[in-house]
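Please keep the sequence and the model at hand while reading.

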Amino acid sequence: QVQLVESGGGLVQAGGSLRLSCAASGSFFSATVMGWYRRAPGKQRELVATITSSGSTNFANSVEGRFTISRENAKNTVYLQMSSLRPEDTAVYYCYSRYGMRDYWGQGTQVTVSS
């Protein structure tokens, strides 16, 4: 039983920055993988970035070089630092965690980038 709670979403102008946080509760152990997905209006959900417990990261090509993902294993928390934001980044961002063989999802947080 794991609960994921996102925070940090909001409205920001193009070129600005925003930091998303996701805290996992209900487990005494660190997630093997944590990350972020997003769904823009009228589009399918897509992977944004992931990070393993050992620190290996993976980014979507569209955010490579602009976004940074990090985690604090002891707190079961993952962060997404978003810089040089574009209107195309506007979406609902979902936190994702894998504990063993089970996947968990947060409720999502809205990120809106104005032009």
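**Overall form**

Among contacts in the protein chain between residues at least 6 apart in sequence, 54% join residues at least 24 apart. The model is a predicted one. Its secondary structure consists of 11 strands and 0 helices, and the pattern along the sequence reads β-β-β-β-β-β-β-β-β-β-β.

- The protein chain has a radius of gyration of 13 Å, close to the 13 Å given by the globule rule for 115 residues, so it is as compact as a globular protein of that length.
- Along the principal axes, the C-alpha atoms fill a box of roughly 40 × 25 × 20 Å.
- Of the 115 residues, 43% count as buried.
- The accessible surface is about 6,300 Å², and carbon and sulfur atoms account for 47% of that area.

**The open sheet E1-E3-E8-E7**

- An open sheet is built from 4 strands in the order E1-E3-E8-E7, with antiparallel pairing.
- Its edge strands are E1 (3–7) and E7, each of which pairs on one side only.
- From one strand to the next, the twist averages 15 degrees.
- E3 and E8 are antiparallel and share 6 bridges; arginine 19 has glutamine 81 in E8 as its bridge partner.
- E7 and E8 also run antiparallel, joined by 6 bridges. Glutamate 72 is the bridge partner of threonine 77 in E8.
- The hairpin of E7 and E8 has 4 residues between the strands, and asparagine 76 in this hairpin takes a positive phi near 50 degrees.
- The two faces of E7 can be told apart by cover: Phe67, Ile69 and Arg71 make up the covered face, while Thr68, Ser70 and Glu72 make up the uncovered one.

**Strand E4 and its partners**

- E4 is mostly covered, with 6 of its 7 residues buried.
- E4 pairs with E5 in the antiparallel sense through 6 bridges, and methionine 34 stands opposite isoleucine 51 in E5.
- E4 is also joined to E9 by 7 bridges, again in an antiparallel arrangement. In E9, valine 92 is the bridge partner of arginine 39.

**The E4–E5 turn**

- E4 and E5 form a hairpin with 6 residues between them, and glycine 42 in the turn has a positive phi of about 75 degrees.
- Proline 41 lies in the loop between E4 (33–39) and E5 (46–52).
- Is proline 41 buried or exposed? Proline 41 counts as exposed because its relative accessibility is 68%, and the cut-off for exposed is over 50%.
- The C-alpha atom of proline 41 is 8.4 Å from that of threonine 90, although 49 residues separate the two along the chain.

**The nonpolar core**

- The largest nonpolar core holds 30 residues; Trp36, Leu80, Met82 and Tyr93 touch the most other members.
- At least two residues of this core come from each of E3 (18–25), E4, E5, E7 (67–72), E8 (77–82), E9 (91–99) and E11 (109–114).
- Among these contributors are E3, E7 and E8, which belong to the open sheet, as well as E4 and E9, which are joined to each other by 7 bridges.

Terms used: Residues are numbered from 1 along each chain as its sequence is written. This is a predicted model: local features need pLDDT of at least 70, side-chain atom pairs count only at pLDDT 80 or more; totals for chains, interfaces and linings use all residues. Side-chain values use heavy atoms; hydrogens and water are left out. Buried means under 20% relative accessible area, exposed over 50%, partly exposed in between (1.4 Å probe, protein chains only). A nonpolar core is a set of buried Ala, Val, Leu, Ile, Met, Phe, Trp, Tyr and Cys residues joined through side-chain atoms within 4.5 Å. Two strands pair if DSSP finds at least two bridges between them. Axes are lines fitted to C-alpha atoms, for helices over the stretch in contact, and angles run from 0 to 180 degrees between N-to-C directions. The radius of gyration is taken over C-alpha atoms; the globule rule is 2.2 Å times the number of residues to the power 0.38. Contact means heavy atoms within 4.5 Å. Accessible areas come from the Shrake-Rupley method with a 1.4 Å probe; for residues, only the protein chains shown count as cover.
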